[in-house]
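Let's take a walk through this model together, one piece after another. Have the viewer open and follow along as we go.

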Amino acid sequence: MSGHDYDAVNYWKANLRLIFGSLIVWALVSYGFAILLRPMLAGIPIGGTDLGFWFAQQGSILTFIALIFHYAWRMNRLDEKFDVHEE
Amino acid sequence: MSQFVINLLFVGGSFALYIGIAIWARAGSTSDFYVAGGGVHPITNGAAIGADWMSAASFISMAGLIAAGGYANSTFLMGWTGGYVLLAMLLAPYLRKFGKFTVPEFIGDRFYSRNARFVAVACLIVASVTYVIGQMAGAGVAFSRFLEVDSTMGLIIAAIVIFIYAVLGGMKGITYTQVAQYCVLIIAYTIPAVFISLQLTGNPLPPLGLFSTHVESGIPLLEKLDQVITELGFRDYTADVDNKLNMVLFTLSLMIGTAGLPHVIIRFFTVPKVADARWSAGWALVFIALLYLTAPAVASMARLNLMTTIYPDGVDGQAIEYDQRPQWIQEWEVTGLIQYEDKNNDGRIQFYNEGNAEFAEAAAARGWEGNEFTYNNDILVLANPEIANLPGWVIGLIAAGGLAAALSTAAGLLLAISSAVSHDLIKGGIKPDISEKGELLAARISMAVAIVLATYLGANPPGFAAQVVALAFGIAAASLFPALMMGIFFKRINNVGAISGMLAGLGATLVYIFIFLGWFFIPGTNNLANTPDNWLLGISPLSFGAVGAIINFAVAFAVSHATEEPPIEIQELVESVRYPRGAGKSYDH
């Protein structure tokens with residue numbers, strides 16, 4: 001990393017920002033919508049039950065998949081932008 | 001063709017496939033044995049992680065648990081998938097960049113301490129051995145039910161098959177058999193679900209069927225289910241949970257436990273690049289989600305089918321006569337996993353919630369003198385095709401699928417155990433100058449010993465099989481996950497801090513579990529009854545792994561900041577794992 005220290009710090013900060021944002025969504029769909037905020041979403045019906053139940057049994061899993069692919073895609077681009085990718 | 005012959009063909013055919021793959025993918029070097037030579041494609045690795053991760057618990061038990069608990073047991077669905085987000089962002093790419101063979105090796109190098117490495121080995125072995133017992137026991141159940149052999153005999157057959165491909169092929173053999181096992185288990189799981197979803201809702205996709213209209217009654221499936229079971233005094237399937245703190249902590253424990261389980265982490269060492277480690281976490285979750293999105297549909301549909309089997313004229317009508325009971329109830333009665341007792345001597349099977357005081361009057365009015373039917377949650381998936389009257393080949397498929405799930409996870413766990421023994425204890429401790437050939441032999445011998453031990457424990461399971469799985473997650477969550485994460489994200493954490501953190505997190509979790517479940521699980525030695533009234537802030541022993549992890553983080557930070565910062569070369573090591581360039585293949589030191 002010598003000579004690229006400034007870039008290296010920025011790369012790591014960008015990674016941390018991305019992780020932080022992803023984990024907020026991760027927590028919001030599972031601990032939020034599916035558990036703690038379920039009573040607030042009780043008014044939104046979906047297939048015989050409510051939106052919180054859907055997040056608990058399907059929505060959170062689908063969101064997790066999207067989060068990981070989004071992260072992998074963004075990070076692989078960041079790797080190239082900061083020139084730390086593998087040849 | 002009899003059902004027995006069909007089952008034998010499916011199970012025998014799948015086993016022949018696994019052995020064929022093992023002979024094709026023999027391991028020639030320690031790199032082959034530990035990390036499959038480091039050349040596995042990320043999608044292939046994703047499927048292998050899927051099989052590695054989805055155990056007998058996911059395949060056989062999970063839908064039964066959700067069927068019994070409804071919304072409350074959604075924790076398993078979120079907990080066992082959400083961990084992959086943590087793996088993909090917080091652990092897998094950096095550990096892949098580090099480029100060594102085992103999880104304790106990273107902890108030992110990063111915290112420049114052999115003691116830290118040995119603490120990690122101890123955590124790994126306890127977590128993996130407890131986990132593998134459940135797999136072997138699950139394989140035994142599947143054998144005894146479908147192949148009509150004694151379950152000990154079945155276990156020995158399973159052990160020989162694992163022995164052939166795991167000892168011969170190491171990680172290389174395991175990787176490709178796991179891909180085959182993933183295919184077998186996902187086909188076996190989804191085909192009956194598609195049939196049942198079609199029967200009940202007309203929708204061929206079970207995850208959509210779950211939220212569709214029940215064809216017979218014309219109201220949504222979940223509403224119908226709620227209606228049927230509440231009329232028998234059971235709890236509303238979709239009802240909300242009162243103790244949200246416990247639900248949050250249980251889900252969190254499962255998530256960080258998942259991310260900290262060594263047999264899953266080492267699968268990420270097999271891909272060529274850091275970028276591949278990120279992709280393979282995504283693919284792994286796609287493959288896992290195919291089963292995890294099907295499971296809640298199977299759960300609610302099987303529960304509804306079970307109710308309509310017992311109350312063919314609706315829950316207001318008479319229960320089915322015992323003499324008229326279907327074939328599958330008779331067959332599962334033989335195994336003891338379904339039990340019937342005619343308490344009011346009317347020759348019918350009354351199945352209701354006798355624990356519900358408000359329902360007692362209604363039950364008495366109908367001449368019922370207690371619930372007469374009990375079933376083990378584990379039979380729900382295995383009996384599912386029979387409950388729905390599906391053809392015989394589907395039943396054979398379920399048998400092969402259940403065994404694939406148990407064997408693939410067992411093999412991954414056994415590899416994690418054997419590499420910890422041969423690479424971390426022998427090469428990293430007792431005999432550092434061992435040759436590569438010697439280490440490979442040591443790895444094979446420790447694998448063989450681990451298989452014999454696991455088979456013995458699977459045939460004679462300690463009376464606490466259900467609790468020990470919680471222990472495996474508790475240990476991984478409270479000790480390994482925080483140590484790995486801090487090793488990557490916090491340069492300031494030093495050797496003393498990491499070791500005290502791991503010991504404090506692990507100690508607190510074990511003590512809390514032992515207080516309620518008995519010291520070392522010896523029955524009768526618990527200090528407090530395992531009831532919600534006694535739990536600290538309503539936190540169950542199963543949920544305490546998350547608290548243990550928080551303790552681990554807190555202690556490690558406090559101790560590290562009170563002591564010297566890590567040497568400069570360790571800080572450079574932390575820097576280097578953060579940047580993908582220069583990873584190369586997983587190498588030996």
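How many helices and strands does chain B have? Chain B has 22 helices and two strands. Please keep in mind throughout that this is a predicted model.

Let's stay with chain B and look at its overall form. The C-alpha trace of chain B spans about 80 × 55 × 40 Å along its principal axes. A compact globule of 589 residues would have a radius of gyration near 25 Å, and chain B has 25 Å, so the two agree. Of the 589 residues in chain B, 59% are buried. The contacts tell us about the fold as well: among those in chain B that join residues at least 6 apart in sequence, 81% link residues at least 24 apart.

Now zoom in on a pair of helices in chain B. Helix α16 (residues 379-387) and helix α17 (residues 392-430) of chain B pack with their axes 9 Å apart, at an angle of about 170°. Angles over 145 degrees count as roughly antiparallel, and α16(B) and α17(B) are therefore roughly antiparallel to each other. On the α16(B) side, B:Leu382, B:Pro385 and B:Glu386 make the contact, while α17(B) brings B:Val394, B:Ile395, B:Ile398 and B:Gly402. Sorted by class, the contact of α16(B) with α17(B) has five nonpolar residues, one polar and one charged.

Next, turn to chain A and what the records say about it. An unreviewed UniProt entry places the feature "domain: Sodium symporter small subunit" at residues 10-85 of chain A. Over residues 10-85, chain A is 76% helix and 5% strand, with the end C-alpha atoms 15 Å apart. UniProt, again in an unreviewed entry, also lists residues 18-41 and 53-73 of chain A under "transmembrane region". In the model, residues 18-41 of chain A are 79% helix and 0% strand, and their end C-alpha atoms lie 28 Å apart. Residues 53-73 of chain A are 100% helix and 0% strand, and here the end C-alpha atoms lie 30 Å apart.

How do the two chains meet? Their contact takes 36 residues from chain A and 42 residues from chain B. On the side of chain A that touches chain B, α1 (5-36) and α2 (51-81) of chain A each supply at least two residues. Which of the elements gives the most to that side of chain A? That is α2(A), with 16 residues. By class, the side of chain A that touches chain B has 23 nonpolar, 10 polar and three charged residues.

A:Gly32 is 24 residues from A:Ala56 in sequence, and their C-alpha atoms are 9.9 Å apart in space.

Our last stop is helix α10 (residues 221-230) of chain B, where B:Leu221, B:Leu222, B:Lys224, B:Leu225, B:Asp226 and B:Ile229 are buried. What covers the buried residues of α10(B)? The cover includes β2 (49-50) of chain A, along with α8 (151-201) and α13 (274-310) of chain B.

Notes:
Residues are numbered from 1 along each chain as its sequence is written. Chains are lettered from A and ligands numbered from 1 in the order in which they are written. This is a predicted model: local features need pLDDT of at least 70, side-chain atom pairs count only at pLDDT 80 or more; totals for chains, interfaces and linings use all residues. UniProt positions are given in the numbering used here, feature names are shortened, and annotations may be inferred rather than shown by experiment. Helices (H or I, at least four residues) and strands (E, at least two) are DSSP runs, numbered from the N terminus. Two residues are in contact if their C-beta atoms, placed from the backbone, lie within 7 Å. Ala, Val, Leu, Ile, Met, Phe, Trp, Tyr, Cys and Pro count as nonpolar, Asp, Glu, Lys and Arg as charged, and the others, Gly among them, as polar. The radius of gyration is taken over C-alpha atoms; the globule rule is 2.2 Å times the number of residues to the power 0.38. A residue is buried if 20 or more other C-beta atoms lie within 10 Å of its own, exposed if 12 or fewer, and partly exposed in between; C-beta atoms are placed from the backbone. Axes are lines fitted to C-alpha atoms, for helices over the stretch in contact, and angles run from 0 to 180 degrees between N-to-C directions. Angles under 35 degrees count as roughly parallel, over 145 as roughly antiparallel, 65 to 115 as roughly perpendicular and the rest as oblique.
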